[in-house]
Amino acid sequence: MHYIYALKIAIEQLDAVVKELYDRSNNKWPLVILHNKRLRSLLENPFHRKLVEEWMDKGVLYMTPHGSNDDWYWLYAAVKLKCLLVTNDEMRDHIFELLGSNFLQKWKERHQVRYTFVKGNLKLEMPPPYSFVIQESEKGSWHVPIVAKSNNESTQNWLCVTRPTVFKSHDQDLATMGTSEKGHVLCCNSEILKSQ
């Protein structure tokens, strides 16, 4: 199940996102969380009213109470239910409030789905299957992203450094590897990272 936050999105675009998520999730409706002030303004327009009432009938819409910050509702729902969050919000105010903790940044990277509309067509950017940060595999190899983050994880280049003693225990194809001057094994294959 996906959760959507839509503060600065046109209602028609929000409807496109809702329908796309419905289709992608085997006919399960996502949850749309809106502040009651925003909802009231939507109900004033007859076309928007019909759409909002349709969402209410299907249990898609949750309205946050007056005086509360709706950000905390969608953030809580997404974390508690371990699901994806569709938003372009950078959550900077929450990162600032949680200063000293990298949890939100790491969580965002793995759970935030961004959206764009190109020539009227919705494009969802799903989170990567693995984190684009320096990491060590269980077998002792280090993986360092060497190119700026790409929208396509298959084009992401990695520097994989493995000590020769560790590498000898791996069952991997040497043809995809190179060796540094000091005998460290180097690679730029994301499949190796996934297998580590």
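## About the model

The structure is a predicted model, in which local features need pLDDT of at least 70 and side-chain atom pairs count only at pLDDT 80 or more, while totals for chains, interfaces and linings use all residues. Residues are numbered from 1 along each chain as its sequence is written, and side-chain values use heavy atoms, with hydrogens and water left out.

Let us start with helix H4, residues 70–80 (helices are DSSP runs of H or I with at least four residues, strands are runs of E with at least two, and both are numbered from the N terminus). Its buried residues are Asp70, Asp71, Trp74, Leu75, Ala77 and Ala78; buried means under 20% relative accessible area, exposed over 50%, and partly exposed in between, with a 1.4 Å probe and protein chains only. These residues cover an arc of only 160° around the axis, which puts them on the same side of H4 (the arc is that of the directions from the helix axis to the C-beta atoms). Tyr76 and Lys80 are exposed on the other side of H4.

What follows H4? Lys82 does, and its phi is positive, near 50°.

## How H1 and H3 meet

Helix H1 (residues 11–24) and helix H3 (residues 46–58) have axes that come within 11 Å and cross at roughly 30°. That makes H1 roughly parallel to H3 (angles under 35 degrees count as roughly parallel, over 145 as roughly antiparallel, 65 to 115 as roughly perpendicular and the rest as oblique). Here, axes are lines fitted to C-alpha atoms, for helices over the stretch in contact, and angles run from 0 to 180 degrees between N-to-C directions.

## Aromatic pairs

Rings of Phe, Tyr and Trp (its six-membered ring) pair if their centres lie within 6.5 Å; planes under 30 degrees apart count as stacked, over 60 as edge-to-face and the rest as tilted. By this rule there are three aromatic pairs. One of them is stacked, because the rings of Tyr22 and Trp29 have their centres 4.0 Å apart and their planes at 25°. Tyr22 is partly exposed at 21% relative accessibility, and Trp29 is partly exposed at 24%.

Tyr115 and Phe117 form an edge-to-face pair, with ring centres 6.4 Å apart and planes at 70°. Tyr115 is buried, with a relative accessible area of 13%, whereas Phe117 is partly exposed at 22%.

## Ile33 in strand S2

Ile33 sits in strand S2, residues 31–35. Is Ile33 buried or exposed? At 2% relative accessibility, Ile33 counts as buried. Ile33 and Tyr73 are 40 residues apart in sequence, and their C-alpha atoms are 7.5 Å apart in space.
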